[in-house]
Every structure is written in structure tokens, then in C-alpha cells.
Amino acid sequence: FFNWISGARNFFRAIRQPVDWVLDTVEGILLALPPGLMIVVIALLAWQLVGPRLAIGSFLSLLFVGMIGAYPQTMTTLALVLTAVAFCAAIGIPLGILASRSDRFEQGLRPVLDTMQTTPAFVYLVPIVVLFGIGNVPGVIVTIIFAVAPLIRLTNLGIRQVPKDVIEAALAFGASPR
């Protein structure tokens, strides 16, 4: 097994490279802006997306983080989360659409998703660290493995539960069938 892992090192480096590139880019963008400006931008985004209560909470929380000197680590964590969300969406939405179109594919995927959701995330961490090394990238990969299953399931479920009359209405107005 370890000989196989050693032989497949280039394969795992090929997987690690795009994750590392996206992570470094997002982290660089988050750390490039001055902390005060980034705090205001995040608070404004929270206000526009959710409301004033979250904006005030975000502003005060990030202000506190900045005052205790943990701002760079917070932006690194935010970069990890944003990177994992981007890869989860890129993987999960197409697989969810495919699962909604094929019952056979969904039946084959279901045990894999069940395993991914019931196994604690720290259990994935040991083999991922062996395969990808130590650093932030294994954390992103473990987060993707743990978080992509609900995204696939919810995309599949959302598409399958579209009422038939809504599909008929869309087809009547010129939408292309599946």
C-alpha cells in the first residue's frame, strides 16, 4: 500500500496544486486589503446579504479579533472556508444535477454519500495528511469531503421536487427539456 502511495505521489500533487493555488490567491486577496477596510467590507456585505444585526455583529467581532492580534489567522481561516465552498460548489452541484437525472447514478452514489456524512471529519484527516502532506490544503480537502455530500443531496432533491406543472409551464414557454 505504501509503495502504491509513493508511486501515486504525482497524482496527489496534481490534486493538491489547484487547491493550493486557489487557497493562496484567496488568502492573498483577503490579506492585501488593510484590516480596517476589510472589516468594513465584510460588515457591509453582511448588511446587504442578511441585515443590520449581522453587520453589527460581524463588525464588532472582527474589530475584537483585530484588537487581540488574530486578524491574519482569521483571514487564513476565512480563505480556507471560501476555498472549500468554491470547490464544494464546483463538485457538488454538477453531481447533484447528474444524480437528479439518473436514478441509477443516484443509487450508486447514495452509499458513498452516506459514508461521507456519517464518518467524522477527523477520521478523514489521517489518510489525507499521509497522501497530501501537512498544511492548509489537507484541511480544505477534508472540509470538501465532509461538506460536499449535503450539497449533492440537496441539489438532487431540489431538482427532483420541482412540481410537474411548473416543468410543463417552462416547456410551454420554450425551455428545453432535460
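Which helix gives the largest share of the nonpolar patch? Keep in mind that this is a predicted model, and start at the surface. Val40, Leu44, Trp47, Ile56, Phe59, Leu60, Leu63, Phe64, Met67 and Ile68 make up a nonpolar patch there, and together they expose about 1,000 Å² of accessible area. Helix H3 (35–49) and helix H4 (52–67) each put in at least two residues. The answer is H4, with six residues of the patch; Leu60, for one, sits in that helix.

Now move over to helix H2, which spans residues 9–32. Two packed helices are described by the angle between their axes and the distance between the axes. For H2 against helix H7 (residues 121–132), the angle is about 105° and the axes are 9 Å apart. The two are therefore roughly perpendicular, since angles of 65 to 115 degrees count as such. On the H2 side you'll find Arg9, Phe12, Ile15 and Arg16, and these meet Val130, Leu131 and Phe132 of H7. Sorted by class, that contact has five nonpolar residues, two charged ones and no polar ones.

H2 also packs against helix H8 (residues 136–160), this time at about 100° with the axes 10 Å apart. So H2 and H8 are roughly perpendicular too. Here H2 brings Arg16, Val19, Asp20 and Leu23, while H8 brings Asn136, Val137, Pro138 and Val140. The tally for this contact is five nonpolar, one polar and two charged residues.

Note on methods:
Residues are numbered from 1 along each chain as its sequence is written. This is a predicted model: local features need pLDDT of at least 70, side-chain atom pairs count only at pLDDT 80 or more; totals for chains, interfaces and linings use all residues. Side-chain values use heavy atoms; hydrogens and water are left out. Axes are lines fitted to C-alpha atoms, for helices over the stretch in contact, and angles run from 0 to 180 degrees between N-to-C directions. Helices (H or I, at least four residues) and strands (E, at least two) are DSSP runs, numbered from the N terminus. Angles under 35 degrees count as roughly parallel, over 145 as roughly antiparallel, 65 to 115 as roughly perpendicular and the rest as oblique. Contact means heavy atoms within 4.5 Å. Ala, Val, Leu, Ile, Met, Phe, Trp, Tyr, Cys and Pro count as nonpolar, Asp, Glu, Lys and Arg as charged, and the others, Gly among them, as polar. Patches are made of residues with over 30% relative accessible area and no salt bridge: like charges are joined within 9 Å, nonpolar side chains (Val, Leu, Ile, Met, Phe, Trp, Tyr) within 5 Å. Accessible areas come from the Shrake-Rupley method with a 1.4 Å probe; for residues, only the protein chains shown count as cover. A salt bridge is a side-chain nitrogen of Lys or Arg within 4 Å of a carboxyl oxygen of Asp or Glu.
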